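Here's a quick report on how two parts of one chain meet. Have a look at the structure first, then read on.

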Amino acid sequence: MNQGSHCDLSTNDLHRSCVSLVPLFNHLDKQQMDKIVALARSISYPRGEMIYHSGDRSEGLYILHKGRVKVYRLSENGKEQLVRILKPGEFTGELSLFDAKTHDAYAETLEAVELCIIQRDEMQQLLQSHPAISLRMLTEFSSRLADTELRAARIAMESAETRLALYLADLSEEQQQLTIRLPMSRKDLASHLGTTPETISRKLSVFEERGWIRQTGSKIVEIFDLDSLLFI
């Protein structure tokens, strides 16, 4: 783990706020939550900082409290392959809880972030004493696997235009509005959809010419014809 420029944040309120965000823990009662809060260690990172590199030994479960984190892998030729963008309440490092492995990906901050970390051994004890946490973690794993399989199927079977259109439609449903904010850069979006930034820009312009969307800046997209995106 990168130790270069982080600083420890030692308030219990921050730990509680961080831990209570996570669906793994927010069903617990106050006494159970207090035990987890006591285990958490808080760390802050500035924008553009590496939290860990591929090959680093994992410390345990990393829970995001504030900001956004990009988790990605590098191909043999150095090309980034986006795994996911973490938002507050989400976590990474979970595989180390079952086996003391090194990270197989990189985690980089997209903006200033605050993280809570629970050490591997302590998290394993929690899983053993609270089966409900284990079940919630399995549910999250299942959801992530399903998302990965869906994305792989789309990349294999659908055109870049269709993948982008469905992504915008999915994002509109997730954000529950027709004016959506792209949660990542064009470069990261291209990696996520298995295409190139140039193709993303070109297809967005095509959608705009057809009257389906309007781009406002680099990340804001207004959707005018959701049906066309869904049934492209």
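## Salt bridges across the interface

Five salt bridges turn up across the interface of domain 1 and domain 2. Keep in mind that this is a predicted model. Take Glu174 and Lys87: this pair forms a salt bridge, with the closest N and O atoms 3.0 Å apart.

Polar contacts show up here too. Across the interface of domain 1 and domain 2 there are eight residue pairs in polar contact, both partners at pLDDT 80 or more.

## What domain 1 brings to the contact

Which elements give two or more residues to the side of domain 1 that touches domain 2? Those are β6 (80–86) and α4 (131–157). Sort that side of domain 1 by class and you get six charged, five nonpolar and one polar residue.

## How the two domains sit

As for bounds, the domain assignment puts domain 1 at 9–155 and domain 2 at 158–231. Their C-alpha centres lie 28 Å apart. Counting residues in contact, domain 1 puts in 12 and domain 2 puts in 14.

## Buried area

The size of an interface is often given as the accessible area lost when the parts come together. For domain 1 and domain 2, the area buried between them is about 1100 Å², and 43% of it is on carbon and sulfur atoms. Over in domain 1, the residues that lose the most area to domain 2 are Leu82, Arg154 and Ile155; together they make up 50% of what that side buries.

Key. Residues numbered from 1 in each chain as written. Predicted model: local features only at pLDDT ≥ 70, side-chain atom pairs only at ≥ 80, totals over all residues. Heavy atoms only, no water. Domains from an automatic or database assignment. Contact = heavy atoms within 4.5 Å. Buried area = accessible area lost by both parts, 1.4 Å probe. Salt bridge = Lys/Arg side-chain N within 4 Å of Asp/Glu carboxyl O. Polar contact = N/O pair within 3.5 Å; in protein donor to acceptor, adjacent residues only side chain to side chain. Helix = DSSP H or I, 4+ residues; strand = E, 2+ residues; numbered from the N terminus. Nonpolar A, V, L, I, M, F, W, Y, C, P; charged D, E, K, R; others polar.
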